Amino acid sequence: MIQIYPVNLCVPCVKDFGRTERAATSKFSSSMLSLVVAREDIFPMDVLNRLFEQHFHTPAARVQPLQGQLGGSGRNIIRLSSPRQSAIGILYNVREENVAFLEFSRHFRRHKLPVPEIYAEDLNQGAYLEEDLGDTTLFEFLSKNRAGENVAPQVVDAYRRVVAELPRFQIEAGRDLNYKVCYPRGSFDRQSIAWDLNYFKYYFLRLAGIPFNEQALEDDFDCLTNFLLSANCDYFLYRDFQSRNIMLRDGRPFFLDYQGGRKGALQYDIASLLYDAKADLPPELRRQLLDLYIEKVGGFIELDREAFLHHYYSYVYVRILQALGAYGFRGFYERKAHFLQSVPYALKNLRWLLHNVKLPIALPTMMAAFNSMLASEKLQGLASEAENLTVRIWSFSYHRGWPKDESGNGGGPVFDGRLLPNPGREERFKTLTGKDAPVIDYLNQQESVHRFLAHAMSIVDDHVTEWQRRRFKHLMVAFGCTGGQHRSVYLAEQVAKHLRGRNGLDVVVRHRELEGGGAV
């Protein structure tokens, strides 16, 4: 397995790709960001640098890790750039998956579909270089241009463009695709469905403590599988057709992450897009986009609308269960909390389905499990947490670099307190911290501290207001100083005090140097 380790070497400051919810990497200084990538006795970053130089005939001047291990794929995603060129490098050691992505990409481009151009590859080293499609995912565009259920017209237009392209992948390009390179299965068959349903059963239901009769649930799984496979399954199934895998460049959608594609039914991918949990599309917009999709499919094949809808909602259910299994595995099992942020939205989708959709088959044990999930105190706790914006406020020492944002967003505003009077220079304060009364009194007497706090609180308040408007769930704020003991601790505590009690906020304070063995 390839690993990427951040260390304190000098590489130039770089910009963030934005493929997941993260924004602040671009602010890292050159002394705070670098990479050492270790795989046995070779350095795969050298492979990406070599591929970049071979393709562009100039060395990469900037290197930036992007998604890393925050996503669920395990791929390491790296932006390489020179003054005039930019590319995305991928490091991943599953050869079959790399082959599928590369062959699919070239096939789709032959059909003039908007996917990244492949610049270069070295499959023996698990590396390839692809076109840089920019910084804006469809999910981010949606998040920035909505107010609750009100989605801005430009977002609706983007979704309509995306929906219009989907049949071209599924039908037009799917006709002559080489399905022999599909990984791990050539079709969304009984085995694929069983993997997804068992993923949900063992990593979500079990770990969430939802009771169920195992044999009765297996009987429902068999019934659901038979019904799913009775649909026409002779099309390309993209598999992960959702808003984080679609980039917007100059208003035009480009598509990523189809390496898990295989042969399957048309219904699966449109269900994936419209019931993408955290995108949380309003029901009326879902209906409009589904109507548009059916219309566009009709331009490629004869489609019986009623026959399509007969199977559609069963594919919605199986996609939601697959997603819940992934959230449970990453969140409950691997304890990566940011994956659990999507659970309340998936439950919201299930609640809507239970109230508005009647399947043509009976699945009593599954439906009972869904109702138990909606009544679960443990899962209701996740839903309650999801309604609030969590503000994590850190203090830190610049000697040890910025704290890591574990929410998956990449960071937030960072304030440098080193320009303020330093209590640490006085003997009487050396063993104290910014939480102790003598240090607080000393800093409260400094006019420069009050000016600094006023500016910082204003900026943080603006962030909180905007983050809540965009329905974001996590904001990281950090205060640094020389040792991470006095000024940064004081500032973090004061801002936390300022925010506590504000509606819709959960405020968490962490003093890294006090927790981690003292100041530098």
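User: Which side chain does a polar contact of 3.0 Å join to that of Asp 461?

Analyst: This is a predicted model, in which local features need pLDDT of at least 70, side-chain atom pairs count only at pLDDT 80 or more, and totals for chains, interfaces and linings use all residues. Residues are numbered from 1 along each chain as its sequence is written, and side-chain values use heavy atoms, with hydrogens and water left out. A polar contact is a pair of N or O atoms within 3.5 Å; within protein, one must be able to donate a hydrogen and the other to accept it, and residues adjacent in sequence count only if both atoms are side-chain atoms. The partner of Asp 461 at 3.0 Å is His 498.

User: Where is Asp 461, and which residues does Asp 461 touch, leaving out those up to four places away in sequence?

Analyst: Asp 461 sits in helix α14 (residues 447–469); helices (H or I, at least four residues) and strands (E, at least two) are DSSP runs, numbered from the N terminus. Leu 499 is 38 residues from Asp 461 in sequence, with a C-alpha to C-alpha distance of 8.3 Å. With contact meaning heavy atoms within 4.5 Å, the residues touched by Asp 461 are His 498, Leu 499 and Arg 502.

User: Which backbone nitrogen lies 2.7 Å from a polar atom of the Asp 220 side chain?

Analyst: Beyond four places in sequence, Asp 220 touches Ala 362, Leu 363, Pro 364, Thr 365 and Met 366. The backbone nitrogen of Met 366 is 2.9 Å from a polar atom of the Asp 220 side chain. The one at 2.7 Å belongs to Thr 365.

User: How many residues apart in sequence are the parts tied together by Arg 106 and Glu 121?

Analyst: Arg 106 and Glu 121 form a salt bridge whose closest N and O atoms are 2.6 Å apart. Arg 106 belongs to helix α2 (residues 95–110) and Glu 121 to strand β6 (residues 118–122), so the parts tied together are separated in sequence by 15 residues.

User: What is the relative accessible area of Glu 131, which forms a salt bridge with Arg 109?

Analyst: The closest N and O atoms of Glu 131 and Arg 109 are 3.8 Å apart. Glu 131 is in strand β7 (residues 127–131) and Arg 109 in helix α2, 22 residues away. Arg 109 is partly exposed at 36%, whereas Glu 131 is buried, with a relative accessible area of 12%.

User: Which helices does the salt bridge between Arg 305 and Asp 291 tie together?

Analyst: The N to O distance in this bridge is 2.9 Å. Asp 291 is partly exposed at 23% relative accessibility, and Arg 305 is also partly exposed, at 36%. Asp 291 and Arg 305 are 14 residues apart in sequence, and their helices are α8 (residues 283–297) and α9 (residues 305–333).

User: How many salt bridges does the structure hold?

Analyst: The pairs above, including Arg 106 with Glu 121, belong to this count. The total is 31.

How values were computed:
A salt bridge is a side-chain nitrogen of Lys or Arg within 4 Å of a carboxyl oxygen of Asp or Glu. Buried means under 20% relative accessible area, exposed over 50%, partly exposed in between (1.4 Å probe, protein chains only).
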